[in-house]
Amino acid sequence: MLMALFFTSTALTGCFFTAKMMEFPKIRDEEHQTEQQTEAEAEEEGTERAEEPEETEESGVRGIPKTQESNGQQDSQLQSTAPASADQKRAEAVSSAQEERILHIAEVYDRTIQDQENYRQEGGRYYTAGGVLAKAVVSNGDPVLDEAMRKSGYKTYTLEYFYEDWPQGDSYPIYIYAVIDENVYRYYFCQGAFIRRIGPEGGGDTNDAPKMNDLIQTLLDQGAAYRRQAG
């Protein structure tokens, strides 16, 4: 009986040992397979990371520098970032300077209209407290202007000349409001240069590249003569 139990115990121990011996390689194989799988996944992930484009400083698109972006994106960026040409810069500068001149004239005009009741008035002339001619109103009766109007085919006129309201200001009129044969014209000047014309055509067309003609030149010269006489 004891011998039988001994052999039975020995057999069981041997089976258990054998089973363990058989199980260990299996576990090792599974661990090896797991390590291989982990290494394979790591290699695959590394490949994906290597292939995945990184965001560059040159472009907001990941891994696509500007030189490789689509043509549409390139055109859009070139249009938005391309420096202005010399002609564009010149045109912008001219436009800005023109607006500054017009704004200055408007400020002087507004100030004169606001203060003219306090100016000294003599026969359609308005003088500041310092004796500067700021405004002159002229209608039919000036021999020089009458002749210029007649040559141009006009009959009636009323002109309002506006000047710089300080002694060292422009000696030429800076603005003329003209009603000629019941049509309204507005002429803007800077140092004697004709810089803007607003006429009755089309309800008040504005021309910032006006051409000087004999009539307007005569209006300007007579306005300058009034200013000199006042000084």
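In helix H4, the residues Leu145, Ala148 and Met149 are buried. These residues lie on the same side of H4, because the arc they cover around the axis is only 100 degrees. Pro143, Arg150 and Lys151, on the other side of H4, are exposed. The cover over the buried residues of H4 includes strand S3 (133-139), strand S4 (157-162), strand S5 (175-180) and helix H5. The structure described here is a predicted model.

The protein as a whole contains five helices and eight strands. Along the sequence these follow the pattern α-α-α-β-β-β-α-β-β-β-β-β-α. The protein has 231 residues, of which 26% count as buried. Among contacts with a separation of 6 or more, 39% are accounted for by residues 24 or more positions apart.

Two packed helices are described by the angle between their axes and the distance between the axes. For H4 (residues 143-152) and H5 (residues 214-230), the packing angle is about 170 degrees and the axes are 10 Å apart. H4 is therefore roughly antiparallel to H5, since angles over 145 degrees fall in that class. On the H4 side, the contact is made by Val144, Leu145, Ala148, Met149 and Ser152. H5 contributes Leu215, Thr218, Leu219, Gln222 and Tyr226. By class, the contact comprises seven nonpolar and three polar residues, with no charged residues. Leu145, Ala148 and Met149, listed above as buried in H4, are among the residues that make this contact.

The two ends of H4 were also examined. At the start of the helix, a side-chain oxygen of aspartate 142 comes within 3.0 Å of the backbone nitrogen of valine 144. After H4 comes glycine 153, which has a positive phi, near 90 degrees.

Two residues of H5 were considered individually. Glutamine 222 is located in H5 and belongs to the contact with H4. With a relative accessible area of 14%, glutamine 222 is buried, because the limit for a buried residue is under 20%. Apart from neighbours within four places in sequence, glutamine 222 is in contact with Asp142, Val144, Leu145 and Tyr161. Of these partners, Val144 and Leu145 are also on the H4 side of the helix contact, and aspartate 142 supplies the side-chain oxygen at the start of H4.

Glycine 223 is likewise placed in H5. Its relative accessibility is 0%, so glycine 223 counts as buried. Setting aside neighbours within four places in sequence, glycine 223 is in contact with Tyr161, Tyr163 and Pro173. Tyr161 is also a contact of glutamine 222. Between glycine 223 and isoleucine 176, which are 47 residues apart along the chain, the C-alpha atoms are separated by 8.8 Å.

Several loop positions were examined next. Lysine 155 is in the loop between H4 and S4. This lysine is exposed, with a relative accessible area of 70%. Beyond residues up to four places away in sequence, lysine 155 touches Asn140 and Asp181. The C-alpha atoms of lysine 155 and glutamate 182 are separated by 9.9 Å, and these residues are 27 residues apart along the chain.

Aspartate 181, which lysine 155 touches, lies in the loop between S5 and strand S6 (183-190). At 28% relative accessibility, this aspartate counts as partly exposed. Most residues other than glycine have a negative phi. Aspartate 181, although not a glycine, has a positive phi of about 50 degrees. Glutamine 191 is not a glycine either, and has a positive phi of about 55 degrees. Glutamine 191 is found in the loop between S6 and strand S7 (193-198). The relative accessibility of glutamine 191 is 60%, so this residue counts as exposed.

The side chain of aspartate 165 makes a polar contact of 2.6 Å with the side chain of arginine 111. Not counting residues up to four places away in sequence, aspartate 165 touches Val108, Arg111, Tyr119, Thr128, Val132 and Ala134.

Key: Residues numbered from 1 in each chain as written. Predicted model: local features only at pLDDT ≥ 70, side-chain atom pairs only at ≥ 80, totals over all residues. Heavy atoms only, no water. Axes fitted to C-alpha atoms, helices over the stretch in contact; angles between N-to-C directions. Helix = DSSP H or I, 4+ residues; strand = E, 2+ residues; numbered from the N terminus. Parallel < 35°, antiparallel > 145°, perpendicular 65-115°, else oblique. Contact = heavy atoms within 4.5 Å. Nonpolar A, V, L, I, M, F, W, Y, C, P; charged D, E, K, R; others polar. Buried < 20%, exposed > 50% of the residue type's maximum accessible area, 1.4 Å probe, protein only. Arc of directions from axis to C-beta. Polar contact = N/O pair within 3.5 Å; in protein donor to acceptor, adjacent residues only side chain to side chain.
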